[in-house]
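The exercises below ask you to read a protein model step by step. Try each task with the sequence and structure in view before you turn to its solution.

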Amino acid sequence: MTTKLLDYDVAEHLRTSEEMAAYLEASIAECDGDAGFVAKALDDIARAKLQQE
């Protein structure tokens, strides 16, 4: 049996400023000092903003 994986892009699901803020806050809370983790969240938010334009 083969498992089919689908691409998931969180930027497609961040629609409002409130959702983006909550996502960033959660990322900061869970990063455990990993600046790259927070940088990825900021990238996701930037891509979400670009998709809205």
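Accessible areas here come from the Shrake-Rupley method with a 1.4 Å probe, and for residues only the protein chains shown count as cover. The model is a predicted one, in which local features need pLDDT of at least 70, side-chain atom pairs count only at pLDDT 80 or more, and totals for chains, interfaces and linings use all residues. Residues are numbered from 1 along each chain as its sequence is written, and side-chain values use heavy atoms, with hydrogens and water left out.

**Exercise 1. Describe the protein chain as a whole.**

Solution. Begin with the surface: the accessible surface of the protein chain is about 4400 Å², and carbon and sulfur atoms account for 57% of it. Next take the extent of the chain, whose C-alpha trace spans about 40 × 30 × 15 Å along its principal axes. The radius of gyration, taken over C-alpha atoms, is compared with a globule rule of 2.2 Å times the number of residues to the power 0.38. The protein chain has a value of 13 Å, whereas a compact globule of 53 residues would have one near 10 Å. Finally, consider burial, where buried means under 20% relative accessible area, exposed over 50%, and partly exposed in between (1.4 Å probe, protein chains only). By this rule, 21% of the 53 residues of the protein chain are buried.

**Exercise 2. Find the helices, and check the span of H1.**

Solution. Helices (H or I, at least four residues) and strands (E, at least two) are DSSP runs, numbered from the N terminus. The protein chain has two helices and zero strands. Helix H1 covers residues 17-30, which is 14 residues. The expected span of a helix is 1.5 Å times one less than its number of residues. From its first C-alpha to its last, H1 reaches 20 Å, close to the 20 Å expected.

**Exercise 3. Follow the chain out of H1 and characterise Asp 32.**

Solution. Asp 32 lies in the loop between H1 and helix H2 (35-52). Its phi is near 55°, which is a positive value in a residue other than glycine. Asp 32 is also exposed, because its relative accessible area is 77%.

**Exercise 4. Why does Ser 27 count as buried, and which residues does Ser 27 contact beyond its sequence neighbours?**

Solution. First locate Ser 27, which belongs to helix H1. Ser 27 counts as buried because its relative accessible area is 6%. Contact means heavy atoms within 4.5 Å. With neighbours within four places in sequence left aside, Ser 27 is in contact with Phe 37, Val 38 and Ala 41.
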